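Please open the structure in your viewer and keep the selection panel at hand. The tour below goes from stop to stop, saying what to select and what is there.

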Amino acid sequence: MVLPRYVARMFATGMGMLCAGAAFGQNYPVKPIRIVTAEPGGGNDFAARVLAQGLTRSLRQQVVVDNRGGAGGAIAAETAAKAPPDGYTLLLYAGNIWTIPLLRSNAQYDAIRDFAPITWVAKSPSTVVVHPSLPVQSVTDLIALAKARPGQLNYASGGSGSATHLSVELFKAMAGVNIVRVPYKGNAPALNDLIAGQVQLMFVTAATVAPHLTSGRLRALAVTSAEPSVLAPGLPTVASSGLPGYESISIYGLFAPSKTPAPIIRRLNQESAQYLKTAEVRERFFKVGVETVGSSPEEFAAVIKSDMTKMAKVIKDAGIRED
């Protein structure tokens, strides 16, 4: 069959664009790449540096970490959002990059509009811990006590929108209890006051509290993931021990600015996901209390959408704004 001349031209143009796109992805990268993340020393920085090492080897270009701490992740997110969408500036951050715009009206970026998900890097559940003086041994006990003493129990948390904050607010909403928040500038002072008995409970990562559980200074009740976690062996989930359907985890992801060409996203996804699933990398993350994932961009986008929907309702219903 002979195609009309204009159809043939369109077909040739389309094939040319596809071939050009494929070649673009194959030739990428031709210069160093930076991963923008939080200040040095935290979970985001750790994940970014481990991933940078692997990508440097597989992409055969230097991948460097650009620490842009401050404003709960907003500075890092704004930096990446304004970068050219050419695959040479990436963002690695936990879920607060999509909760920040829900907490403030002046956020300088939109989590959906301005970023293209590359892969779900890792996840970390929290552990529900209480001071030993609190007369509870399970989540069911905690809910019953909170209902018997409305407004009399208190919990420690970091800044507004942090995992230690929103995980408890989700718990309160689903359980229908009134537990008073005591905010701190960080998890370390919050944990110190919990150990001292100044506050009564906290939702915090398993790795952070492990030594205090062993010593008996704190008591663990459950883990906040949907399924039992290897990071908190022996602990039931909140969902299975008194609050069906509950789940709250820290989600670490790798992003590119929106409009980054699809072949580059696919290349970065392939290299990142493959590296994250190696035994060596899984072990490195496990030692700091985090599980690697390595998903497709589509799977990660679905996780973000689900988490945003859930947390947007919690934030709105509780009237949460920045401290």
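## First stop: a covered helix

In this predicted model, begin by selecting helix α6, residues 163–175, whose 13 residues reach 18 Å from the first C-alpha to the last, close to the 18 Å expected at 1.5 Å a residue. How much of α6 is covered? Helix α6 is mostly covered, since ten of its 13 residues are buried. To see them, select Thr164, His165, Leu166, Ser167, Val168, Glu169, Leu170, Phe171, Lys172 and Ala175, which are the buried residues of α6. Then step to Gly176, which follows α6 and has a positive phi, near 70°.

## Second stop: two helices that cross

Two packed helices are described by the angle between their axes and the distance between the axes. Select helix α2 (residues 43–59) together with helix α9 (residues 262–276), and you have a pair whose axes come within 10 Å and cross at roughly 120°. The crossing in which α2 passes α9 is right-handed.

Now show the side chains where the two helices meet. On the α2 side, select Val50, Leu51, Gln53, Gly54, Leu55, Arg57, Ser58 and Leu59, and on the α9 side their partners Arg267, Leu268, Glu271, Ser272, Tyr275 and Leu276. Coloured by class, this contact of α2 with α9 has seven nonpolar, four polar and three charged residues.

Most residues other than glycine have a negative phi, and most peptide bonds are trans. The next selections depart from that pattern.

Select Arg60, in the loop between α2 and β2 (63–67); although Arg60 is not a glycine, its phi is positive, about 60°. Is Arg60 buried or exposed? Arg60 is exposed, with a relative accessible area of 75%.

Lys259 counts as exposed, at 75% relative accessibility.

Finish at the loop between α1 (5–27) and β1 (33–37), which is where Pro29 lies. Centre the view on the peptide bond from Tyr28 to Pro29, and you will find that this bond is cis, with omega near -5°.

Terms used. Residues are numbered from 1 along each chain as its sequence is written. This is a predicted model: local features need pLDDT of at least 70, side-chain atom pairs count only at pLDDT 80 or more; totals for chains, interfaces and linings use all residues. Side-chain values use heavy atoms; hydrogens and water are left out. Axes are lines fitted to C-alpha atoms, for helices over the stretch in contact, and angles run from 0 to 180 degrees between N-to-C directions. Helices (H or I, at least four residues) and strands (E, at least two) are DSSP runs, numbered from the N terminus. A crossing is left-handed if the near helix is turned anticlockwise from the far one by less than a right angle, and right-handed if clockwise. Contact means heavy atoms within 4.5 Å. Ala, Val, Leu, Ile, Met, Phe, Trp, Tyr, Cys and Pro count as nonpolar, Asp, Glu, Lys and Arg as charged, and the others, Gly among them, as polar. The expected span of a helix is 1.5 Å times one less than its number of residues. Buried means under 20% relative accessible area, exposed over 50%, partly exposed in between (1.4 Å probe, protein chains only).
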